[in-house]
Amino acid sequence: MLHTIRVIILIVGVFLPTLVMAQGIGLQDGDEAGFVNDNATAAVEPETVVAHPQSVNLGDPFLVRVTSNRPLGEVVVHWEGKSVVPSISVWNDKHVALAMLGTDVLNAKAGKKDLVITVSAEGDRSEYKRTVMIRDKEFPRQDLKLPPKMVTPPKEVLDRIARERKIIAKTRSIYSPQREWSLPFFRPVRGSVSSDYGLKRFLNGKPRNPHRGMDFRSPMGNPIKSVADGIVALVGDHYYAGKSVYVDHGNGVISMYFHLSKPTVKEGQRVERGQTVGLTGTTGRVTGPHLHLSIAVQGKLVNPDPLFVKNTDQMLEE
Ligand SMILES: [Zn+2]
């Protein structure tokens with residue numbers, strides 16, 4: 001009996017300190033790196049993966065994805081003077097932050113651009129310094145003929161245009177903390193594309209801003225579908241865009257639908273991917289019925305086209 005107790009004490013005496021020590025180290029923040037090397041089975045090695053494309057075409061949107069096996073505190077993505085804070089979701093036991101970025105054909109230049117990502121996880125803060133090459137792209141020229149009074153707006157509407165420009169700029173730069181969008185986007189109408197993003201536009205022979213959206217052929221009154229889940233941020237009736245709907249998809253992604261005959265949603269309304277937001281028409285400055293779609297990403301108007309054909313993984317490649 002005594003012998004048995006002695007053996008138990010001996011066993012406990014040998015093993016107990018080891019167990020306590022292992023748990024103690026494992027529970028401490030910041031000790032993981034040293035601890036894992038000695039005892040790989042007692043803790044999961046912290047691993048954070050930052051993915052993004054090496055290069056993209058001028059005007060094209062792209063994604064940055066931070067994946068970690070530890071809960072992410074905050075991820076901040078610095079791009080073109082903006083600090084983007086993507087929402088964090090849990091997928092397959094991984095903690096994931098997904099940010100959409102891009103350049104605007106209006107003012108972007110080709111070349112290498114800095115992409116800096118800061119990741120806070122369980123008290124640690126890491127910084128990832130990367131670059132993305134913006135590839136130059138030659139956009140075709142498009143000549144349009146419009147009645148002179150449509151090219152140069154009459155004086156009495158200049159105040160109106162200035163007022164609307166402010167509202168549009170503000171709406172385009174909304175940043176909602178929760179990401180609602182997912183890829184690929186839903187095509188807003190069935191019609192084919194009549195004018196691509198980036199076209200160098202000439203109105204009656206005079207150079208104008210490039211085309212910063214996509215035009216879809218569509219008969220009058222065709223239903224227009226939201227490209228992704230979101231909340232209606234603005235229903236407007238503007239000089240250039242006519243009757244228009246803006247949907248906020250969260251984390252700095254806004255879709256804009258122009259020249260509607262009739263919006264069918266109200267501001268503040270939640271919409272799902274593929275839900276009708278209005279009907280096609282000819283309001284604003286147009287020559288015939290069509291849908292103009294623009295996508296704002298962190299305030300920049302990007303090429304919507306890749307968002308309809310690529311999934312999340314494909315938007316991280318190249
Ligand atoms: Zn257009």
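This report covers the secondary structure, nonpolar core, strand pairing and backbone geometry of one predicted protein model.

Because the model is predicted, local features are reported where pLDDT is at least 70, side-chain atom pairs count only at pLDDT 80 or more, and totals for chains, interfaces and linings use all residues. Residue numbers start from 1 along each chain as its sequence is written.

**Overall make-up**

The protein has five helices and 22 strands. These elements are DSSP runs numbered from the N terminus, with helices being H or I over at least four residues and strands being E over at least two. Of the 318 residues, 31% are buried. A residue is buried if 20 or more other C-beta atoms lie within 10 Å of its own, exposed if 12 or fewer do, and partly exposed in between, with C-beta atoms placed from the backbone. Among contacts with a separation of 6 or more, 68% are between residues 24 or more positions apart. A contact requires C-beta atoms, placed from the backbone, to lie within 7 Å.

**The core**

The largest nonpolar core contains 54 residues, and A99 and Y257 have the most contacts inside it. Strand β18 (residues 253–263) supplies the largest share of this core, six residues. The core lies between domain 2 (48–135) and domain 3 (141–306), because both give residues to it. A nonpolar core is a set of buried Ala, Val, Leu, Ile, Met, Phe, Trp, Tyr and Cys residues joined through C-beta atoms within 7 Å; domain bounds come from an automatic or database domain assignment. In soluble globular proteins, nonpolar side chains tend to be buried together.

Leaving out residues up to four places away in sequence, A99 touches L63, V64, V77, V84, P86 and N251.

**Strand pairing**

Two strands pair if DSSP finds at least two bridges between them.

| Strands | Bridges | Opposite residues |
|---|---|---|
| β3 (residues 62–68) and β7 | Seven | L63 and M100 |
| β6 and β7 | Four | S89 and V96 |
| β18 and β20 | Three | L260 and T280 |

**Backbone geometry**

Most residues other than glycine have a negative phi, and most peptide bonds are trans. Several sites in this model depart from that pattern.

Strands β6 and β7 form a hairpin with two residues between them, and N92 in the turn has a positive phi of about 55°. D93, in the loop between β6 (88–91) and β7 (94–101), also has a positive phi, about 65°, although it is not a glycine. D93 counts as exposed because it has 6 C-beta neighbours inside 10 Å.

E318 is found in the segment after α5 (305–309). Its phi is near 95°, a positive value in a residue other than glycine. With 15 other C-beta atoms within 10 Å, E318 is partly exposed.

A cis peptide bond joins L183 and P184, with omega about -5°. P184 lies in the loop between α4 (158–172) and β11 (193–195).

Conventions. Contact = placed C-beta atoms within 7 Å.
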